[in-house]
Amino acid sequence: MRELTLDLVRRGHLGARADGPFEAPGAVPPAVVAALATRVDRLGPVAREALDTAVILGAEIRLDDLRAVLGTGAGIGELVAQGMLRPVPTQDDTVAVEHDLLRRVVLDAMSGAARAERHDVAHTALKGSAPSVELARHALAAASLDRHRGVEAAVEAGLDALGQSARSDAAEWWLTACELLETSGPEADRRVQLLADAGQQLLHAGDDRARDVLHDAALEAERRGRWAVAARAASALARLGPTSEAGEADREVAALCDRLLVRVIEPGPRAVLAAATTVVHSLTGEAELCRALFSRAEADARLADDD
């Protein structure tokens with residue numbers, strides 16, 4: 001990185017006359033940042049627009065994507081000539097920003113609103129050609145302009161991740177979508193559904209966060225009267241097994257399951273819940289109750305089969 005090298009030479013750390021051992025700077029020297037900012041400011045308006053767009057698209061950028069978002073190829077050649085964009089040898093038709101510090105300097109020069117607007121343009125231009133993960137990144141960065149689009153993009157990215165058996169990634173996308181959804185009103189039902197979905201994928205992935213996510217999903221679904229969703233989350237939670245030496249958390253889960261068994265009317269979900277509830281009650285030594293719950297699960301399962 002030429003700016004950093006020049007600054008180190010100026011301060012006597014590098015070069016023929018450098019004295020003493022080299023000491024890497026603990027932070028990027030202000031002179032380096034200033035030098036980069038000066039290089040950027042010297043660009044013409046067309047090249048500057050191309051650079052601003054390139055850094056929004058990422059550290060490595062497909063030229064077709066950059067042209068699509070810009071609506072033109074103008075300015076790209078100047079950036080390549082200046083060394084600010086460099087061809088990626090292992091990938092055809094792909095360039096990389098010269099270095100991460102340059103990308104940071106350009107991004108820092110933009111206001112939050114300007115970044116959101118550029119991500120908004122990128123999402124619109126690349127929809128239909130870019131992977132769902134990339135589209136979700138742009139939609140989420142522009143969520144201040146269109147929150148619902150951010151939610152849908154994150155959900156879609158989660159579904160694609162699940163299709164590739166990337167359960168933790170799917171859960172992360174759905175949890176991100178939950179952060180954008182309101183906790184009351186019509187959106188809350190969608191939120192609790194996604195929360196339960198995320199918890200189940202974390203459970204399958206062996207992620208320690210599964211318990212807390214499932215617990216929150218079950219309680220929130222119970223508060224909203226979404227009994228089937230609550231039963232699904234509670235059933236998964238119950239199957240996790242013991243949670244503490246004292247067993248207090250197990251009793252809390254057992255009480256939750258007991259409450260939901262009274263509320264759930266569909267025999268299928270109720271059968272699953274009754275079977276899972278036997279697990280948590282077995283941890284508290286309630287053998288008779290476990291037998292009753294198991295019988296109930298069998299009876300509900302037969303009803304579900306008949307339906």
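I began with the pair α15 and α16, whose crossing is left-handed. I note here that the model is predicted.

**Entry: α15 and α16.** I looked up the two stretches: α15 covers residues 267-283 and α16 covers residues 287-306. Their axes lie 8 Å apart, and the packing angle is about 165 degrees. Angles over 145 degrees count as roughly antiparallel, so α15 is roughly antiparallel to α16. I then listed the residues that meet. On the α15 side they are Pro-267, Gly-268, Arg-270, Ala-271, Ala-274, Ala-275, Thr-277, Thr-278, His-281 and Ser-282. On the α16 side they are Leu-289, Cys-290, Leu-293, Phe-294, Arg-296, Ala-297, Asp-300, Ala-301, Leu-303 and Ala-304. Sorted by class, this contact has twelve nonpolar, five polar and three charged residues.

**Entry: Val-280.** I stayed in helix α15, where Val-280 is placed. Is Val-280 buried or exposed? Its relative accessibility is 1%, so Val-280 counts as buried. I set aside neighbours within four places in sequence and found Val-280 in contact with Ala-238, Asp-250, Val-253 and Ala-254. I also checked Cys-257: it is 23 residues from Val-280 in sequence, and the C-alpha to C-alpha distance is 8.9 Å.

**Entry: the chain as a whole.** I counted 16 helices and three strands in the protein chain. The chain has 307 residues, of which 43% count as buried. For contacts with a separation of 6 or more, I found that 57% join residues 24 or more positions apart.

**Entry: α8 and α9.** I went on to α8 (132-141) and α9, which runs over residues 147-163. The axes of α8 and α9 come within 8 Å and cross at roughly 155 degrees. This makes α8 roughly antiparallel to α9. The crossing of α8 past α9 is left-handed. From α8, the contact takes in Ser-132, Val-133, Leu-135, Ala-136, Ala-139 and Leu-140. From α9, the partners are Arg-149, Gly-150, Ala-153, Ala-154, Glu-156, Ala-157 and Asp-160. By class I read eight nonpolar, two polar and three charged residues in the contact of α8 with α9.

**Entry: Ala-130.** Where is Ala-130 placed? I found Ala-130 in the loop between α7 (112-126) and α8. Ala-130 counts as buried because its relative accessibility is 12%, and the cut-off for buried is under 20%. Leaving out neighbours within four places in sequence, Ala-130 is in contact with Arg-62 and Leu-135. Ala-130 and Asp-65 are 65 residues apart in sequence, yet their C-alpha atoms are 8.3 Å apart in space.

**Entry: α2 and α6.** I looked at α2 (residues 30-41) against α6 (residues 100-108). Their axes come within 10 Å and cross at roughly 70 degrees. α2 and α6 are therefore roughly perpendicular to each other. Val-32, Val-33, Leu-36, Ala-37 and Val-40 of α2 make the contact with Leu-101, Leu-102, Val-105 and Val-106 of α6. I sorted the contact of α2 with α6 by class and got nine nonpolar, no polar and no charged residues.

**Entry: α12.** Last, I checked the span of α12 (residues 210-224). At 1.5 Å a residue its 15 residues should span 21 Å, and the end C-alpha atoms are 21 Å apart, so the two agree. Buried residues in α12 are Ala-210, Val-213, Leu-214, His-215, Ala-217, Ala-218, Glu-220, Ala-221 and Glu-222. Just after α12 I noted Gly-225, with a positive phi of about 75 degrees.

Methods:
Residues numbered from 1 in each chain as written. Predicted model: local features only at pLDDT ≥ 70, side-chain atom pairs only at ≥ 80, totals over all residues. Heavy atoms only, no water. Axes fitted to C-alpha atoms, helices over the stretch in contact; angles between N-to-C directions. Helix = DSSP H or I, 4+ residues; strand = E, 2+ residues; numbered from the N terminus. Parallel < 35°, antiparallel > 145°, perpendicular 65-115°, else oblique. Left-handed = near helix turned anticlockwise from the far one by under 90°. Contact = heavy atoms within 4.5 Å. Nonpolar A, V, L, I, M, F, W, Y, C, P; charged D, E, K, R; others polar. Expected span 1.5 Å × (residues − 1). Buried < 20%, exposed > 50% of the residue type's maximum accessible area, 1.4 Å probe, protein only.
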